[in-house]
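Subject: Structure handover

Hi there,

Here is the structure I promised to pass on to you. Have a look at it first, and then read my notes below.

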Amino acid sequence: NISSGTLIITHENALSSGDVTNNGLLEINLSANGTLANRFSGGAYEMTGTFNTTFTHANSSINTMKIVNGTLTLAQTGTFNTGDFTVNTGTNLVLNGGALLGATSSYTQYAGSKLTVSVDSFSGSSIITAGNATIGGDLVVNGFAPTLPGQSSDLASFQYVVLTSGSEISGVFNSVSMGYSSPVDYLRAEGFLTEDKRQYIDVLR
């Protein structure tokens with residue numbers, strides 16, 4: 001447990017695999033790609049290493065997360081809960097299939113960053129849910145591989161909500177890559193903000 005102050009870890013086994021209660025700042029600066037199987041609660045977290053750190057434990061609920069350097073991969077089942085979540089310029093956030101992110105206060109993604117999501121095993125209402133959201137940088141969508149629908153009403157089956165905000169989403173993604181090319185000219189894969197600007201959706205239409 002972190003009672004106060006700052007704890008810096010540089011190895012994936014530094015925290016063992018138990019629960020971590022944080023009342024200070026946990027700086028994660030791994031010296032190589034690594035996986036943390038801990039359930040985290042409370043406190044502030046900063047990803048400062050240049051490598052990829054993967055979180056796998058379900059039911060974490062923290063105060064703030066900031067990706068300062070490198071890549072954070074969320075690979076847990078269910079929702080990783082936080083207050084504020086920040087993806088800095090030059091960094092990467094990856095949500096593997098089945099992993100969701102809930103930021104009750106804010107989700108901020110700066111220009112020059114990258115968000116990668118997987119929709120092949122997505123079954124929720126929104127991959128990221130935030131109180132308010134500011135987006136920039138790039139969006140990569142993996143697992144988007146629809147078959148051509150037999151009728152127009154089937155198009156709803158190929159709609160994935162990447163981000164839902166409690167207020168209007170500010171900003172736009174610099175680029176969106178869905179890795180899908182429609183074989184017909186009357187259907188295309190694209191991402192867009194809804195009319196009320198509170199959801200960002202990837203869809204075949």
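Strands here are DSSP runs of E with at least two residues, helices are runs of H or I with at least four residues, and both are numbered from the N terminus. Two strands count as paired if DSSP finds at least two bridges between them. Within this pair, Leu36 has Phe55 of strand 7 as its bridge partner.

Before going further, a word on the basis of all this. Please keep in mind that this is a predicted model, where local features need pLDDT of at least 70 and side-chain atom pairs count only at pLDDT 80 or more, while totals for chains, interfaces and linings use all residues. Residues are numbered from 1 along each chain as its sequence is written, and side-chain values use heavy atoms, with hydrogens and water left out.

**The whole protein**

The secondary structure comes to 20 strands and zero helices. Of the 205 residues, 46% count as buried, where buried means under 20% relative accessible area, exposed means over 50%, and partly exposed lies in between (1.4 Å probe, protein chains only). The accessible surface is about 9300 Å², and carbon and sulfur atoms account for 44% of that surface; the areas come from the Shrake-Rupley method with a 1.4 Å probe, and for residues only the protein chains shown count as cover. Taking contacts between residues at least 6 apart in sequence, 37% join residues at least 24 apart. Contact here means heavy atoms within 4.5 Å.

Moving along the order, strand 7 (residues 52-55) pairs with strand 9 (residues 71-74) in the parallel sense, over four bridges. Thr54 is bridged to Thr73 of strand 9, and Phe55 to Leu74 of strand 9.

Phe55 is worth a look in the core as well. The largest nonpolar core has 43 residues, and those touching the most other members are Phe55, Phe85, Leu93, Tyr107 and Leu115. By nonpolar core I mean a set of buried Ala, Val, Leu, Ile, Met, Phe, Trp, Tyr and Cys residues joined through side-chain atoms within 4.5 Å. Beyond four places in sequence, the contacts of Phe55 include Ile28, Leu36, Phe40, Met47 and Met65.

**Strand 12 and its surroundings**

Strand 12 pairs with strand 14 (residues 128-135) in the parallel sense over six bridges, and Leu101 has Ile128 of strand 14 as its bridge partner. Strand 14 is also paired in the parallel sense with strand 16 (residues 159-165), over three bridges, where Ala130 stands opposite Ser165. Two bridges link strand 14 to strand 17 (residues 170-171), again parallel, with Ile135 opposite Gly171.

Ser106 counts as buried because its relative accessibility is 12%, whereas Thr104, at 66%, counts as exposed. The side chain of Ser106 makes a polar contact of 2.6 Å with that of Asp84. A polar contact is a pair of N or O atoms within 3.5 Å; within protein, one must be able to donate a hydrogen and the other to accept it, and residues adjacent in sequence count only if both atoms are side-chain atoms.

Leaving aside neighbours within four places in sequence, Ser106 touches Gly83, Asp84, Phe85, Ala130 and Asn132, while Thr104 touches Thr82, Gly83 and Gly131.

**One last residue**

Glu195 is in the loop between strand 19 (189-193) and strand 20 (199-204), and counts as exposed at 83% relative accessibility.

Best wishes
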